[in-house]
Amino acid sequence: MLLKTTPSCFCASQNTIMASEGQHRPSGPGVTCTGTSQLRNGRGSIEFFHSPFEEELGRDDGHLESHLGHCEHVLSSPVLGCHLYVFAPKEDTPWWTAVTMGLSGFTMPTDDAALQRCELVISLPQEIGAPRRLAEDEELGPSTFAAELVLWLASYVVRSGTLFKHGDRLAGNPFGGTEPPFEGTELASSFLQRASHIGNTFPVWQGTNPYTQEKETVNFYAVVPISASEYAHGSANGSDALRALLERDMEDPRCACVFRCQ
């Protein structure tokens with residue numbers, strides 16, 4: 001299925017995302033939203049949103065810090081309203097990690113209540129450095145691409161009203177379309193995995209929505225940039241085969257969920 005979107009969080013040409021097989025068809029311009037402010041521009045786009053679960057997830061002893069340690073800083077996105085919590089490497093999670101906060105304010109189109117809400121995670125090796133926003137007139141690189149990619153994907157979910165889930169393969173990126181976004185890399189598409197590289201209890205959080213007092217689930221999916229050949233391998237052989245390919249020759253299989261310098 002072909003899904004089209006125009007990135008809104010930075011200046012980039014129109015891009016196409018191809019959803020993986022079995023992905024739900026977008027349900028229309030609106031997305032169910034609980035506890036979130038909605039401001040729409042003339043095209044009906046949702047410009048600002050937040051997660052009703054942010055206080056629980058982001059507090060000092062909350063879900064994120066209990067797994068990732070102290071939050072080093074927050075990268076704000078004034079256009080989206082979605083932002084990134086950034087965590088430094090530590091012994092059991094030796095990567096820089098950024099987690100979106102805001103996407104879980106939206107209910108994705110599925111009847112399975114356990115899959116309706118998510119946030120996105122991206123982890124980078126220490127040698128790349130912390131994810132950060134792209135500055136004006138700055139040349140794109142791995143750390144800036146990582147931050148812009150996950151914010152763009154969060155925006156895509158909201159604006160298209162689609163479902164992201166474990167095992168999805170997404171063809172395209174906000175800078176290069178289906179081509180690599182900067183020199184020295186073959187990475188052009190993305191693969192979504194449960195963020196179990198952070199810990200077995202990290203990928204699924206359950207808590208109470210303060211606006212409805214209902215129990216809800218938030219899933220955390222790792223965004224893994226992949227090459228065109230890896231995307232093709234997954235399309236031909238399935239997501240399990242793609243995961244096996246990414247884990248091949250890795251001493252630590254958790255690194256299959258981490259940004260690779262290629």
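1. A word on terms before we start: a residue is called buried when its relative accessible area is under 20%, exposed when it is over 50%, and partly exposed in between (1.4 Å probe, protein chains only). By that rule Ser104 is buried, with a relative accessible area of 0%.

2. Some background on what you are looking at. This is a predicted model, in which local features need pLDDT of at least 70 and side-chain atom pairs count only at pLDDT 80 or more, while totals for chains, interfaces and linings use all residues. Residues are numbered from 1 along each chain as its sequence is written, and side-chain values use heavy atoms, with hydrogens and water left out.

3. Now the overall picture. The chain has five helices and 12 strands; helices (H or I, at least four residues) and strands (E, at least two) are DSSP runs, numbered from the N terminus. Of the 262 residues, 56% are buried. Taking contact to mean heavy atoms within 4.5 Å, residues 24 or more positions apart account for 62% of the contacts with a separation of 6 or more.

4. Back to Ser104, which sits in the loop between strand 6 and strand 7 (106–107). Setting aside residues up to four places away in sequence, Ser104 touches Ser51, Pro52, Phe53, Arg117, Cys118, Glu119 and Val218.

5. Ser51 deserves a look of its own. Its place is the loop between strand 3 (32–33) and helix 1 (54–58), and at 3% relative accessibility Ser51 counts as buried. Beyond its neighbours within four places in sequence, Ser51 is in contact with Met101, Gly102, Ser104, Gly105 and Glu119. Ser51 and Arg117 are 66 residues apart in sequence and 9.9 Å apart in space, C-alpha to C-alpha.

6. On to the interior. A nonpolar core here is a set of buried Ala, Val, Leu, Ile, Met, Phe, Trp, Tyr and Cys residues joined through side-chain atoms within 4.5 Å. The largest one has 37 residues, and those with the most contacts inside it are Leu120, Leu153, Phe164 and Phe259. Two or more residues each come from strand 5 (83–87), strand 6 (95–101), strand 8 (118–125), helix 3 (142–160), strand 10 (187–194) and strand 12 (215–227). Helix 3 gives the most, with 12 residues. A second, separate core of 26 residues includes Leu57, Val121, Phe191 and Ala195. As a rule, nonpolar side chains in soluble globular proteins tend to be buried together.

7. Not counting residues up to four places away in sequence, Leu120 touches residues including Ala98, Val99, Leu153, Phe164 and Tyr221.

8. Finally, two backbone angles to check. Most residues other than glycine have a negative phi. Gln213, in the loop between strand 11 (204–208) and strand 12, has a positive phi near 65°, and at 59% relative accessibility Gln213 counts as exposed. Asp249, in the segment after helix 5 (239–247), also is not a glycine and has a positive phi of about 70°. Asp249 is exposed, with a relative accessible area of 75%.
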